Amino acid sequence: MRQAVKHRQHNVSQRTELRTRIKAVVKSIHAGDKASAEATFKLAQPCIDSAVGKKLIHANKAARHKSRLNARIKAM
């Protein structure tokens with residue numbers, strides 16, 4: 001049970017980091033700064049992929065996030 005608590009805390013922090021990276025990309029998209037959006041997206045991609053590797057999110061969800069963010073950046 002103690003291990004489950006530790007693992008849960010670690011997973012929560014990893015998931016929080018993932019959400020923060022995605023929000024940073026969305027924020028720079030809303031600001032209208034394409035260069036900043038591309039830079040933050042490049043930082044967010046490995047974070048999204050590692051979340052899949054750690055089984056924090058499903059692979060399809062990761063692909064959906066990356067696809068939608070990339071589409072929004074290209075539409076700028």
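**View 1. S28, a residue of helix α1.** S28 lies in helix α1, where helices are DSSP runs of H or I with at least four residues, numbered from the N terminus. This is a predicted model, in which local features need pLDDT of at least 70 and side-chain atom pairs count only at pLDDT 80 or more, while totals for chains, interfaces and linings use all residues. Residues are numbered from 1 along each chain as its sequence is written, and side-chain values use heavy atoms, with hydrogens and water left out. S28 has 8% relative accessibility and therefore counts as buried (under 20% relative accessible area, 1.4 Å probe, protein chains only). Leaving aside residues up to four places away in sequence, S28 touches D33, S36, A37, T40 and M76 (heavy atoms within 4.5 Å).

**View 2. Helix α1 packed with helix α2.** Here α1 (residues 2–31) and α2 (residues 34–53) pack at about 160°, with axes 9 Å apart; axes are lines fitted to C-alpha atoms over the stretch in contact, and angles run from 0 to 180 degrees between N-to-C directions. The two helices are therefore roughly antiparallel (over 145 degrees). Among the contact residues are L18, I22 and S28 of α1, and T40, C47 and I48 of α2.

**View 3. I48, a residue of helix α2.** I48 sits in helix α2 and, at 0% relative accessibility, counts as buried. Look around I48 and you will find contacts with L18, I22, I57, A62, H65 and K66, not counting residues up to four places away in sequence.

Methods
Angles under 35 degrees count as roughly parallel, over 145 as roughly antiparallel, 65 to 115 as roughly perpendicular and the rest as oblique. Buried means under 20% relative accessible area, exposed over 50%, partly exposed in between (1.4 Å probe, protein chains only).
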